[in-house]
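Below is a short report on one protein chain.

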Amino acid sequence: MRGEQVRNWFARQLMLPEWMIDIPDNLSQDWYVFARPAGKRCFVVASNGTTVSRQRNGSILHCFPSALPNGAKTREPSGPAHSYSILDCIFHEVRFISMRADFSSLVY
């Protein structure tokens, strides 16, 4: 995949939040709710020695080296060449905030 195909593929991957208009009776038992930090929702993908953040529409937001597996060119490989790391994040000012507890933040 190249160019527009890549952007379109990434644009279809993020689940977008929905506003809760009415509060259901079973909110405390059957629902997961968490606060969403302010900022741009994005993917952070590390592979082949580079890390790329992409916006919701799939376009590239940043390219940078990172400490994620295969996220930077190093003398010692951090994993197989075909491996990659993908994070669902919020970009706020100069920091990525992961939407999962696996990584608390990734400084850009």
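In the hairpin of S1 and S2, Asn48 takes a positive phi near 50°. This hairpin has 2 residues between the strands. Strands here are DSSP runs of E with at least two residues, and helices are runs of H or I with at least four; both are numbered from the N terminus.

The model is predicted: local features need pLDDT of at least 70, side-chain atom pairs count only at pLDDT 80 or more, and totals for chains, interfaces and linings use all residues. Residues are numbered from 1 along each chain as its sequence is written, and side-chain values use heavy atoms, with hydrogens and water left out.

**Strand pairing**

The chain holds 2 helices and 6 strands. Their order along the sequence is α-α-β-β-β-β-β-β. Two strands count as paired if DSSP finds at least two bridges between them.

Gly58 takes a value near 95° in the hairpin of S2 and S3, which has 4 residues between the strands. In the hairpin of S4 and S5, 2 residues lie between the strands, and Glu93 has a positive phi near 55°.

**Faces of S5**

In a regular strand the side chains alternate between the two faces of the sheet. Strand S5 spans residues 95-98. Phe96 and Ser98 form its covered face. Arg95 and Ile97 form the uncovered one.

**Surface and burial**

Buried residues (under 20% relative accessible area, 1.4 Å probe, protein chains only) make up 29% of the 108 residues. The chain exposes about 8200 Å², and carbon and sulfur atoms supply 55% of it. Accessible areas come from the Shrake-Rupley method with a 1.4 Å probe; for residues, only the protein chains shown count as cover.

Where does Trp31 lie? Trp31 sits in the loop between helix H2 (27-30) and S1. Trp31 counts as partly exposed because its relative accessibility is 43%, and that class runs between the buried limit of 20% and the exposed limit of 50%. Met20, Ile23, Trp31 and Val33 make a nonpolar surface patch of about 450 Å².

Definitions and conventions:
Patches are made of residues with over 30% relative accessible area and no salt bridge: like charges are joined within 9 Å, nonpolar side chains (Val, Leu, Ile, Met, Phe, Trp, Tyr) within 5 Å. A salt bridge is a side-chain nitrogen of Lys or Arg within 4 Å of a carboxyl oxygen of Asp or Glu.
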